[in-house]
Amino acid sequence: MKVRVDSERCQGHTLCAMIAPEVFRLREIDGHSEVIDEEVPAGQETQVIEAVNSCPERAISTID
Ligand code: F3S
């Protein structure tokens with residue numbers, strides 16, 4: 001599974017980084033999210049799906 005954050009949509013709600021801190025980190029400069037690695041680490045898929053569904057801006061997408 002691959003994951004992406006649309007930086008245009010992200011408004012820094014932080015939920016993704018709280019749910020899956022091994023996958024998402026918040027940039028110091030603007031607090032917006034970025035993926036640490038586009039390839040989702042093994043065992044993190046459930047958290048990533050939860051992050052997708054939790055983002056109020058619908059900024060996160062996955063590719064199987
Ligand atoms: Fe941004 Fe959504 Fe995460 S707005 S910080 S991608 S919860």
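## Size and overall dimensions

The radius of gyration is taken here over C-alpha atoms, and the globule rule is 2.2 Å times the number of residues to the power 0.38. For 64 residues a compact globule would have a radius of gyration near 11 Å, and the chain, at 10 Å, agrees with this. The C-alpha trace spans about 30 × 20 × 15 Å along its principal axes.

## Model and confidence

This is a predicted model, in which local features need pLDDT of at least 70, side-chain atom pairs count only at pLDDT 80 or more, and totals for chains, interfaces and linings use all residues. Residues are numbered from 1 along each chain as its sequence is written.

The pLDDT, the predictor's confidence in each residue from 0 to 100, averages 98 for the chain, and 100% of the residues score at least 70. For the complex, the predictor gives an ipTM of 0.98 and a pTM of 0.95.

## Fold

The chain has two helices and four strands. Helices (H or I, at least four residues) and strands (E, at least two) are DSSP runs, numbered from the N terminus. Their order along the sequence is β-α-β-β-α-β.

Two residues are in contact if their C-beta atoms, placed from the backbone, lie within 7 Å. Of the contacts between residues at least 6 apart in sequence, 62% join residues at least 24 apart.

## Burial and the nonpolar core

A residue is buried if 20 or more other C-beta atoms lie within 10 Å of its own, exposed if 12 or fewer, and partly exposed in between, with C-beta atoms placed from the backbone. Buried residues account for 22% of the 64 residues.

A nonpolar core is a set of buried Ala, Val, Leu, Ile, Met, Phe, Trp, Tyr and Cys residues joined through C-beta atoms within 7 Å. The largest one holds 13 residues, of which Cys 16, Ala 20, Val 23, Val 48, Ala 51 and Ile 60 touch the most other members. Strand E1 (2-5) and helix H2 (45-54) are the elements that give two or more residues to this core. Beyond its neighbours within four places in sequence, Cys 16 is in contact with Phe 24, Ser 33, Ala 51, Cys 55 and Ile 60.

## Ligand surroundings

A residue is near a molecule if its C-beta atom, placed from the backbone, lies within 6 Å of it. There are 14 residues around the ligand, and Cys 10, Leu 15, Cys 16, Ser 33 and Cys 55 come nearest.

This shell divides into seven nonpolar, six polar and one charged. Ala, Val, Leu, Ile, Met, Phe, Trp, Tyr, Cys and Pro count as nonpolar, Asp, Glu, Lys and Arg as charged, and the others, Gly among them, as polar.

## Individual residues

Glu 45 is found in helix H2. It is partly exposed because 16 other C-beta atoms lie within 10 Å. Leaving aside neighbours within four places in sequence, Glu 45 is in contact with Met 1 and Val 40. Its C-alpha lies 9.4 Å from that of Lys 2, although Glu 45 and Lys 2 are 43 residues apart in sequence.

Most residues other than glycine have a negative phi. Thr 14, which is not a glycine, has a positive phi of about 75°. Thr 14 lies in the loop between E1 and helix H1 (15-19), and is partly exposed, with 14 other C-beta atoms within 10 Å. Arg 58 also has a positive phi, near 55°, and lies in the loop between H2 and strand E4 (60-63). Arg 58 counts as exposed because it has 11 C-beta neighbours inside 10 Å.
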